[in-house]
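This briefing sets out the main features of one structure, grouped by topic. Please consult the sequence and the 3D view alongside the text.

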Amino acid sequence: SSADEITALVNFATVQGMTKFSVLYQNDTFGAQGVAALQAALAAANLKVLSSGAFPTQNIGLVNVALTQLLNSALPFVPEAILVWAASPAGSSNFITAAMNVLPPTTIFLCSSVVGESFPTAFPTTGARVYVTQILPLFSNMNYSVVQNYMTAMWAVNPSAVNSFFSFEAYINARVVIATMQRMWAEDLPSNAAFVNALYQQSTFTFDELVVGPFNSALTTTSNGVTTTTVCNQGMKQ
């Protein structure tokens, strides 16, 4: 979940001695969840968000405006770590590139797993300043049964398939869908509503040593005085 990822990112940065956190986020429910999760993770460490900048979800060209907003509201301080909570790899890349041009080389950037595991390679000489969360075991770590089964399934379909986090996540998603549909067919006629109900009734899925969930019908978050409710999307894990 967003909270899991952001807590891990905050823990990583605070261990490095960082205390000044800012956040860039897309102006929608996904972004609001990221801000709320960052506030909660920092509160646990007796810290607060230093500054923030938001950009419209459908207009990544405005990330430079969000950067100006973030930097100006941080004054007289300079962010040591910036959470980049955007689902768009292009928007995240544009922001980080612009930010690196005006911030000290010690400032790091913390990104959601949705940007992909190869995202830091977009910054050939500065990629060491960009950190991306990993929400699954390493896709090549054969110490996990779930990874062994993933690789077996991939190679059965395509012996020359290249394994990656994206395909590993897709494999886990497919197992969630299959398990949910099996429950749905056992209890109801197939429909969108029946699928969602079966997902919530199951709540937690266990695949080998990997636990996915629990899922709930709605997740309510409050950010900057605005309360939003997310129903049945990436924000429904509590």
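**The sheet and its surroundings**

In this predicted model, five strands build an open sheet in the order 2-1-3-4-5, and the pairing is parallel. Strand 2 (49–55) and strand 5 lie at the edges, each pairing on one side only. Strands (E, at least two residues) and helices (H or I, at least four) are DSSP runs numbered from the N terminus, and two strands pair if DSSP finds at least two bridges between them.

**Basis of the model**

- Residues are numbered from 1 along each chain as its sequence is written, and side-chain values use heavy atoms, without hydrogens and water.
- Local features need pLDDT of at least 70 and side-chain atom pairs count only at pLDDT 80 or more, whereas totals for chains, interfaces and linings use all residues.

**Strand pairing**

- Six bridges join strand 1 and strand 2 in the parallel sense.
- V23 stands opposite S52 in strand 2.

**Helix 1**

- The buried residues (under 20% relative accessible area, 1.4 Å probe, protein chains only) of helix 1 include S2, E5, I6, L9, V10 and A13.
- They cover an arc of only 130° around the axis, taken from the directions from the axis to the C-beta atoms, which puts them on the same side of helix 1.
- Helix 1 is followed by G17, whose phi is positive, near 90°.

**Confidence**

- The protein chain averages a pLDDT (the predictor's confidence in each residue, from 0 to 100) of 84, and 87% of the residues score at least 70.
- Over residues 226–238 the pLDDT is below 50.
- Where pLDDT is low, the predicted coordinates should not be read in detail.

Terms used
Buried means under 20% relative accessible area, exposed over 50%, partly exposed in between (1.4 Å probe, protein chains only). Contact means heavy atoms within 4.5 Å.
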